Amino acid sequence: MDVRNCKNCGRLFNYMGGQAICQQCKQKLEEKFQEVKDYLDENPHATISRVSEEMDVSTKQIKQWIKEERLSLSEATADGVVCEHCGKPIRSGRYCDKCKMQLQDTLSSAITKPKQYEPQKTAKTGNRMRFLQKE
C-alpha cells in the first residue's frame with residue numbers, strides 16, 4: 001500500500017496511480033472542469049488566459065485538460081497549446097494532424113507482419129517410399 005500526502009490539501013491518502021491528489025480534491029477538480037466546460041460552451045472564443053481569470057483556474061490546468069482532449073479550443077492560437085513535435089498551434093491534444101500521421105506511419109512501418117509459412121515442395125520426390133540401409 002502506498003500512502004502519500006495530497007499535493008493540494010496535504011491530507012494522507014492511499015495512492016493508486018495518476019495525480020497525487022486525494023479523492024476530495026479530485027472531486028473538486030472535476031467540478032471545476034465542468035464549470036470551465038460550461039463557460040467555454042457559452043463563450044466559445046474565450047482565450048485561455050481569460051478563462052483562467054474568470055473561472056479561477058490555473059492556465060496550466062486548462063492546458064492539461066486540452067492536452068488530455070477533454071477540452072477543445074475554438075481557434076488554434078500561439079498562446080494556447082502547441083504541437084509537441086513541430087510547435088504549430090493546435091486546438092486540442094498533443095500533436096497536430098500532420099505529426100499524428102507521421103507518427104502513425106512510423107509506428108506502422110516499425111511493426112513487421114509475420115510471413116505465412118509455405119511448405120517447400122521438392123522436385124520429383126513425390127510420395128515415394130524410402131528404405132533405410134542396414135549395416
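I began with charged side chains and found Lys-67, Glu-84 and Arg-94 linked in a network of salt bridges. The model is a predicted one, and I read every entry below with that in mind. I then took the total for salt bridges, which comes to six.

**Entry: Arg-4**

I looked up the partner of Arg-4. Arg-4 makes a salt bridge with Asp-2, and the closest N and O atoms are 3.2 Å apart. Arg-4 is partly exposed, at 35% relative accessibility. Asp-2 is partly exposed as well, with a relative accessible area of 31%. I also noted a ring under the Arg-4 side chain: Arg-4 lies over the face of Tyr-15, 3.8 Å from the ring centre.

**Entry: Arg-70**

Which side chain does Arg-70 meet in a salt bridge? I found Glu-30, at 2.8 Å from N to O. This pair links distant parts of the chain, 40 residues apart. Arg-70 is in the loop between helix H3 (59-67) and strand S3 (81-82), while Glu-30 is in helix H1 (residues 23-42). I have Arg-70 as partly exposed, with a relative accessible area of 34%. Glu-30 is partly exposed too, at 32%.

**Entry: Lys-100**

I went on to the loop between H3 and S3 and looked at Glu-69. Glu-69 forms a salt bridge with Lys-100, with the closest N and O atoms 3.9 Å apart. The cut-off is 4 Å, so this pair counts. Lys-100 lies in helix H4 (residues 97-110) and Glu-69 in the loop, so the bridge ties together parts that are 31 residues apart in sequence. Lys-100 is partly exposed, at 35% relative accessibility.

**Entry: aromatic pairs**

I searched the whole structure for aromatic pairs and got two. The ring centres of Phe-13 and Tyr-15 are 6.3 Å apart and the planes stand at 75°, so I logged the pair as edge-to-face. Phe-13 and Tyr-15 are both buried. I then took Phe-33 and Trp-65, whose ring centres are 5.2 Å apart with planes at 70°, so this pair is edge-to-face. It links distant parts of the chain: Phe-33 belongs to helix H1 and Trp-65 to helix H3, 32 residues apart. I found both Phe-33 and Trp-65 buried.

**Entry: helix H2**

Which residues of H2 are buried? I listed Ile-48, Val-51, Ser-52 and Met-55. Seen down the helix axis, the buried residues of H2 fall within an arc of 100°, so they line one face of the helix. I turned to the other side of H2 and found Glu-53 and Glu-54 exposed. I asked what covers the buried residues, and the cover includes H1 and H3. After H2 comes Asp-56, and I noted its positive phi, near 55°.

**Entry: Ser-52**

Is Ser-52 buried or exposed? I have it as buried, because its relative accessible area is 15% and the limit for buried is under 20%. I then listed the contacts of Ser-52, leaving aside neighbours within four places in sequence. They are Val-57, Ser-58, Thr-59 and Ile-62.

Methods:
Residues numbered from 1 in each chain as written. Predicted model: local features only at pLDDT ≥ 70, side-chain atom pairs only at ≥ 80, totals over all residues. Heavy atoms only, no water. Buried < 20%, exposed > 50% of the residue type's maximum accessible area, 1.4 Å probe, protein only. Contact = heavy atoms within 4.5 Å. Helix = DSSP H or I, 4+ residues; strand = E, 2+ residues; numbered from the N terminus. Arc of directions from axis to C-beta. Phe/Tyr/Trp six-rings, centres within 6.5 Å; stacked < 30°, edge-to-face > 60°. Lys NZ or Arg CZ within 6 Å of the ring centre and 35° of its normal.
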